[in-house]
Amino acid sequence: MEEEKVTSQSTEETAENVENSAAEAVETVAEPSEQTPPPAPKKKQNVFDKFFGITASGSTFKAEIIAGLTTFMAMVYILMVNAGIFSAWIYDDAGNPLFQIIPNVTYGGMYIATAIGAIAGTLLMALLAKMPLAQASGMGVNAFVVYTLVLTTGLTYANAMVLTLFDGILFVVLTATGLRKKIFEAIPAAVRHAIPVGIGLFIAFIGMQNAGIVQGDASTLVKFVSFNVTAEDFTYGAIVAPLVALLGVIAIAIMAKKNVKGNILWGILGAAALFYILNALGLAWGDTACKAVFTKIGDTFSFNPFTAFKDWGTQSVGQVFANGFDFSHYLASHSGWSLAGVIFASALSLCMIDMFDTIGTLYGACAKGNLLDEKGVPKNMEKMMLCDAVGTCVGAVAGTSTVTTFVESSAGVSAGGKTGFTSLVTAICFFVAMFLSPIAQLIPSAATASALIWVGVLMMTSVTNIEWTDAAEAIVAFFTFIIMVLGYSISKGIGIGIIAFVLVKLCTGKVKEISIVTWILAVLFVATFLVSSM
């Protein structure tokens, strides 16, 4: 009996085990989803995706292309504005041309030089740093080169390109050795904050002069244009340019408030259209000034885009080597010590403007797109600084002023750009734009003046960083930017600011706050003021 019970129990256990095994088998077949699926085959990346890391960054080709186009639309105005600054004329109170600041340099030639600098700098940013930022001839520095180095100081265009090349080479050395950081820290904070304010006011003042909004006056030196239609000497043609420039900058501000992409470009194009409409009305009324506008176009306009390339080849490219080291024009009326002072002050000013502009732009643009590392520093910072420096060297050879990263790049970053492919798209757009110089030549200075004034408005934001309740900082900052504008010199403003800082610290018993490098800069600027007109 016991054996039967054991056998029966074993049989029952065996049957139960078989049943459980069968149930598990059925469960496994019935629920195949619980099995680990085989790994999906990896999607093959194309060359661009692999090089720029588009997918890895969480971006797409569509987003990068849109971002590149957005950046281009936001900063293409520089082709027209920079060309206009370098080919600018000086006019008398009646609006008649007196002389060209840089003789024998045409709008078309400088348009190509500006495009070449933008293409080179932006391609470097795309291929070396692989960041979604674009470069071109910086606003402020171009005004410094034309209105300070050439017009005020008396250097030639080629001499100015040599100093620009020195700036680029010096920037390369400072970036590679780490000295850039020491010099940056040696500039007093009040001066650093005042530099963009001063440059902004300086640029806006130039724009107002170019459009005739502010004019020369024997008693007050400058005056606001008269719109008095009842005056005996009133002429319709004389108020067209000032009116267009003022309306243009207001239109840009309205579009900026509405977050319209490329608001500066649309403002320039709209102002240009208004300029010709108002002049056409004046032509119908028989106004001689309005007639002269269309006569000039008929005499100078060419539909051949290669005319600009020809002008660039004969007027700009390579001038840094062909005539740049010939300072005989300056030495004919100045001493060698004066020349040394000018070279020092100009090189330092160019480097400081470039350095502060670049660092501020990189931080601002990268912060918009979460392109900062864990320490809050822009990714690939050193490579981006190197791109800026090398781009400046290429730009000097091409014949344009310092090439720097544009704050308008933040428009593309905000549109979704995360990699260097964005910059590649922007560079391609600049290449295409090179062949549109005939159209660009139709943009009047009144329209580009709107852009200059608006850029001045944008650069004023740094004024909030100045501690105005601190008398010591306030006077240093005030001297820095007021001398830039009223003294018509960016370098003089920086120099006076540094000297004022040292004097204030000396007289308030805070000598220890003056670094050795700051002492050196102050002494060098004092020496420069004593032996040079800068």
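Me: Which exposed residues does the face of α13 turned away from its buried side carry?

Reply: Before that, this is a predicted model, where local features need pLDDT of at least 70, side-chain atom pairs count only at pLDDT 80 or more, and totals for chains, interfaces and linings use all residues. Residues are numbered from 1 along each chain as its sequence is written, and side-chain values use heavy atoms, with hydrogens and water left out. Helices (DSSP runs of H or I, at least four residues) and strands (E, at least two) are numbered from the N terminus, while buried means under 20% relative accessible area, exposed over 50% and partly exposed in between, with a 1.4 Å probe and protein chains only. On the face of α13 turned away from its buried side, the exposed residues are Phe-306, Lys-310 and Thr-314.

Me: And within what arc do the buried residues of α13 fall?

Reply: The buried residues of helix α13 (residues 306-315) are Ala-308, Asp-311, Trp-312 and Gln-315. They line one face of the helix, because seen down the axis (taking directions from the axis to the C-beta atoms) they fall within an arc of 100 degrees.

Me: What covers those buried residues of α13?

Reply: Count contact as heavy atoms within 4.5 Å. The cover then includes α5 (107-129), α7 (157-177), α14 (319-322), α17 (381-398) and α20 (437-440).

Me: Are α4 and α11 parallel, perpendicular or oblique to each other?

Reply: Axes here are lines fitted to C-alpha atoms, for helices over the stretch in contact, and angles run from 0 to 180 degrees between N-to-C directions. Helix α4 (residues 77-86) and helix α11 (residues 263-284) pack at about 60 degrees, with axes 9 Å apart. Angles under 35 degrees count as roughly parallel, over 145 as roughly antiparallel, 65 to 115 as roughly perpendicular and the rest as oblique. The pair is therefore oblique.

Me: Which residues does Ala-447 touch?

Reply: Ala-447 is found in helix α21 and is buried, at a relative accessible area of 0%. Its C-alpha atom is separated by 7.8 Å from that of Gly-267, 180 residues apart along the chain. Not counting residues up to four places away in sequence, Ala-447 touches Ile-268, Ala-271 and Ala-272.

Me: Is Asn-259 buried or exposed?

Reply: Asn-259 has a positive phi of about 60 degrees although it is not a glycine. Its place is in the loop between α10 (236-257) and α11. At 63% relative accessibility, Asn-259 counts as exposed.

Me: And where is Lys-130 found?

Reply: Lys-130 is another residue other than glycine with a positive phi, near 55 degrees. At 31% relative accessibility, Lys-130 counts as partly exposed. Lys-130 is found in the loop between α5 and β3 (135-137).
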